[in-house]
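This briefing goes through confidence, sheet, core and charged pairs in turn. Please keep the sequence and the coordinates at hand while reading.

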Amino acid sequence: MENNMEKHLWNRRQFRNNESSKSTKTKATKSIKIPAGWLIEQAGWKGKVIGAIGVHKKQALVLVNYGGGKGRDLKCLAFDIKNDVFTKFGIDIVPEVNML
């Protein structure tokens with residue numbers, strides 16, 4: 001799967017480069033869906049624990065409070081992951097969670 005995902009990322013970058021060189025009247029209508037869990041795992045977050053919070057060791061989309069962590073800590077971790085994925089891959093992941 002890694003080779004396919006690298007191919008998709010490369011194709012996406014090439015598509016962006018081609019689109020940016022075209023007239024501003026032309027807009028891209030295609031999008032490529034890349035699993036956020038895969039991006040988070042490839043960025044090195046899967047299984048990472050910081051203090052009382054972390055990313056589940058088997059599921060990169062699950063943030064865990066191991067006891068004593070605050071809600072704001074989980075929120076900060078989510079934004080750190082989001083920013084790191086953007087820095088490494090140039091892809092902005094959008095959280096789909098309910099904050100309680």
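A residue is called buried when its relative accessible area is under 20%, exposed when that area is over 50%, and partly exposed in between, with a 1.4 Å probe and protein chains only. At 47% relative accessibility, aspartate 92 therefore counts as partly exposed. The model is a predicted one, in which local features need pLDDT of at least 70 and side-chain atom pairs count only at pLDDT 80 or more, whereas totals for chains, interfaces and linings use all residues. Residues are numbered from 1 along each chain as its sequence is written, and side-chain values use heavy atoms, with hydrogens and water left out.

**Confidence**

- The protein chain has a mean pLDDT (the predictor's confidence in each residue, from 0 to 100) of 80, and 68% of its residues reach 70 or more.

**Sheet**

- Three strands form an open sheet in the order E1-E2-E3, with antiparallel pairing, where two strands pair if DSSP finds at least two bridges between them.
- Strand E1 (49-50) and strand E3 (63-65) stand at the edges with a single partner strand each, so one side of each is left without a neighbour in the sheet.
- E2 and E3 run antiparallel and are joined by three bridges; glycine 54 stands opposite valine 64 in E3.

**Nonpolar core**

- A nonpolar core is a set of buried Ala, Val, Leu, Ile, Met, Phe, Trp, Tyr and Cys residues joined through side-chain atoms within 4.5 Å, and the largest one here has 15 residues, of which Leu39, Ile40, Trp45, Leu77, Ile81, Val85 and Phe89 touch the most other members.
- Two or more residues of this core come from each of helix H2 (36-42), strand E2 (53-55) and helix H3 (71-89), and the largest share, four residues, is given by H3.
- Tryptophan 38 is found in helix H2 and, at 10% relative accessibility, counts as buried.
- Although tryptophan 38 and leucine 61 are 23 residues apart along the chain, their C-alpha atoms are separated by 9.0 Å.

**Charged pairs**

- Side chains of opposite charge can pair when their charged atoms come close.
- The structure holds three salt bridges, each defined by a side-chain nitrogen of Lys or Arg within 4 Å of a carboxyl oxygen of Asp or Glu.
- Glutamate 41 and lysine 46 meet through their side chains in a salt bridge of 3.7 Å, N to O; glutamate 41 is partly exposed at 36% relative accessibility, and lysine 46 is partly exposed with a relative accessible area of 29%.
- Lysine 82 forms a salt bridge with aspartate 92, in which the closest N and O atoms are 2.3 Å apart. Because lysine 82 lies in helix H3 and aspartate 92 in the segment after H3, the pair ties together parts that are 10 residues apart in sequence.
- The side chains of lysine 82 and aspartate 92 are also joined by a polar contact of 2.3 Å, a term for a pair of N or O atoms within 3.5 Å; within protein, one must be able to donate a hydrogen and the other to accept it, and residues adjacent in sequence count only if both atoms are side-chain atoms.
- Lysine 82 counts as buried at 16% relative accessibility, and, not counting residues up to four places away in sequence, lysine 82 touches Asp92, Ile93 and Pro95.
- Lysine 88 forms a salt bridge with aspartate 84, the distance between the closest N and O atoms being 3.2 Å; both residues lie in helix H3, four residues apart, about one turn of the helix.
- Lysine 88 is partly exposed, with a relative accessible area of 44%, whereas aspartate 84 is buried at 18%.
- Leaving aside neighbours within four places in sequence, aspartate 84 is in contact with Ala43 and Trp45, and Trp45 is among the core residues that touch the most other members.

Definitions and conventions:
Contact means heavy atoms within 4.5 Å.
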